[in-house]
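Take a look at how the parts of this assembly meet.

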Amino acid sequence: MKVYINDTEIEVFQGAKLENALRRYSKKVYREVVSGKKVVIDQYGNQQLLQGSLRSESAFWIEEAD
Amino acid sequence: MLNRKIKLAGLFLIAALLITSVGLGAAEVEEEVVFLPTNDEHGVIENFDRIAWYRQQVEEEYDTVFLVSGGDVFSGNPVVDEYVIDDENLRGKPIIGLMNLAGYDALVIGNHEFDYGQDILQDRIEQAEFPMILANFDAEEAPYLEQPEPYTILETNKGFPVAFLGLVQITEAGIPSTHPGNLDGIEFFAPVDTALEYEFLRDEASIFVGLTHLGHSWDQDLAEAMGSLDLIIGGHSHSVVENPPLVNDVLVAQAGADTNYLGKIVVELGSDGQVLSRRGELISIDDIDEADPDVTAEIDYYEDQVDEIFSRELAQLDEGISGDMALGSLMTDAALTELDADFAAQNAGGIRVSELDPEITVGSVFELEPFGNELVIYEMNADDIRSLLQFSYERRSTVDLYVGGLHYEVAVNEIGLVDSIELYYPDGTPLDEDKVYQMVLSSYVADTYEYTARDEGHNTYRRHNDTIIDFIERISAEELAQYNEEDRISTTSVPGGEGTEIGRTEVGLSTEGMDRGSVSAGNLKADAVRHVLDIDFGTYPTDQLNSGVDLDSGPVYQEALEFALYGSFAYDNNVTVATVTGENLEKMFHNQNEWFGGPATQVSGLTYEVVMEDGDVVETSLFKDGEPVDPQAEYTVGFNSYVYQFYSEGVDVIDSYTTDRTELEILLDYVEEIGEFGEELAEERISIIE
């Protein structure tokens, strides 16, 4: 299954969660999200939490937390 | 026939507001109905007292309140997931009990509601004092589950009917995201197709709600396909939808996860029950500062049972199970046995205790594997398995993956890189090179290791700690005791080893003795930070050095620097440069030394003394050019960007920035620039006074 984070294509296993894709994208960014410094925003502009399900071909962006 | 929803598509779209609102406005409001949704509670029980209190407040202000859940109430908290009392399997009971008490009105059965098995789900459906609904499945052939209602119709206080239709997402395999073993005899259907079969509910209700566990994106597809809905109250994607969008005139809401948020959707009905307006917002649970005391007492009751839950005995042995080999073997055997796979691999960093006590309990398994990592199965041939094992060995320059179902022998060359890996069955027979095997990995290893595979892998939706509990209960004490005798991995050294030569050193690059002072690998890295960034002091955290590495003098290979010596390089860390006073820098070092129980930092540009008494660090003193650092002077110091948070905790920092370049890039720049290294790498820059 493919998803996109900051326009980078990420391959993850079937049934992966956002956490899995983010760790694959960057362990450093993953830790920044876990620590609350950054958040993941979905293609609709909503924050998505790390345990959330993924849909194939969906896109996310990393932003600084408020 | 009741009034149909009045279509307003395109009339109102208030986007950039925290409250989404749409409606006719002019007609007289007969009743205001409030929906308070949570979703993906995942066993988090601690907030239901605040949710209950908030519901009571809203009831005073509005005519009717429905407190509902978008599903996945189970799985995520051992108090709920491991609730076995007096040998009675009551998994899930605490959260359903609390939802009863908080006054929930409806719940859609999410994928994780199947996690405990059908019999337990049936028990929880019977326990619930509210309907647990689901439309897109057929459980007629299910051995333990009675078909729940596909929808429920509740009435407002003024008698207007409200229909809730339950839908759950299914994967490409045609089932929800739970272990297939939980779904015997159940057939699932595409949620949108099923939903369209229930459009008749539009005619039977004033408000038609899709109570879904599909994910926010799929909810929007549902809205596009079924504009007869008024609302979709969703879950599954853990989306924090602050401004519920209007899609095809359907308000699509979701409230994050873990009861951190509570949605609030207000629907105004006219005198004939027609929907006049809808508006939605999201309330942070932190903004609800009061709680229902009765629910609080019930939460306390369950949380007070943690000790009882964790102390449930799984096995009693004569002696404990000790060491990474024994524990890793146990963990991998549990995974492959419970999932009926060929092999499994467990990373050393995921083995969180050094020993299981002779009395093995639920709690000790959660200490062994506290992450609750889900297990993923890949199809791999022998070379794929080698790629995984080679990556794992070279990232820590030591055995990192423990295995079940196979044994392996890794040959390492003189620069610390893998030369070859031989794979065997436990009886010593080599693996079939052409066969494709089922390999189980934790989701953490699946995400963070590099390897090839024959397929893209699939989640089994089984948590590793659950498989360990089941496995320990399944096998005998004698079989468990045998794990102390396991020896599944061996290493050999082979001569040679060529890499990309980027420098030469007269001193071997070593991490041996790193717990007691400076080591050449640490000095090299700290020197690189100081020199390349042109700052006063460079550092590297000792606990990030790979232990037991001793590379010969002579060529410095890029590959050895990348893989063999520095553990943090696997994480693409950068360097954070902080400006601090000498006094505060000393505090930083001392705090870390106290935590580490000795010298915690490899350094460049300074030296330091650590005074220890009875094994504890009691004093740390820093020196520059042989003189104590000036307490008031300002120094620039480079730290690993990840551990900097620990160094700077509770210490005033004047200024800081983080480099764009990674630690590895900085080190490679340095080695290529300097080229030749001598005795400075062997300097003893740290002393311990005992």
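This is a predicted model. Between chain B and chain A, 20 residue pairs are in polar contact, both residues at pLDDT 80 or more. Several elements of chain B give two or more residues each to the side that touches chain A: helix H6 (216-225), strand S14 (239-240), strand S24 (374-380), helix H12 (443-448) and strand S29 (458-463). That side of chain B holds 14 nonpolar, 17 polar and eight charged residues.

Now the extent of the contact. Chain B contributes 39 residues and chain A contributes 25. The two chains bury about 2800 Å² between them, with carbon and sulfur atoms giving 45% of that area. Three salt bridges link chain B and chain A. In a salt bridge between the chains, Lys17(A) meets Glu374(B) at 3.5 Å, N to O. Strands pair here too. Strand S4 (residues 47-48) of chain A runs antiparallel to S14(B), over two bridges. Gln47(A) has Val240(B) as its bridge partner in S14(B).

Next, look inside chain B. Its domain assignment gives domain 1 (20-306), domain 2 (313-493) and domain 3 (501-689). The C-alpha centres of domains 2 and 3 of chain B are 33 Å apart. Their contact takes nine residues from domain 2 and 11 residues from domain 3. About 920 Å² is buried between these two domains, 53% of it from carbon and sulfur atoms. On the domain 2 side, Arg395(B), Arg396(B) and Ile415(B) supply 51% of the area buried against domain 3, more than any other three residues.

What is the count of salt bridges between domain 2 and domain 3 of chain B? It is zero. Helix H11 (residues 382-396) of chain B gives the most to the domain 2 side of this contact, with three residues.

Note on methods. Residues numbered from 1 in each chain as written. Chains lettered and ligands numbered in written order. Predicted model: local features only at pLDDT ≥ 70, side-chain atom pairs only at ≥ 80, totals over all residues. Heavy atoms only, no water. Contact = heavy atoms within 4.5 Å. Buried area = accessible area lost by both parts, 1.4 Å probe. Salt bridge = Lys/Arg side-chain N within 4 Å of Asp/Glu carboxyl O. Polar contact = N/O pair within 3.5 Å; in protein donor to acceptor, adjacent residues only side chain to side chain. Helix = DSSP H or I, 4+ residues; strand = E, 2+ residues; numbered from the N terminus. Nonpolar A, V, L, I, M, F, W, Y, C, P; charged D, E, K, R; others polar. Pairing = 2+ DSSP bridges. Domains from an automatic or database assignment.
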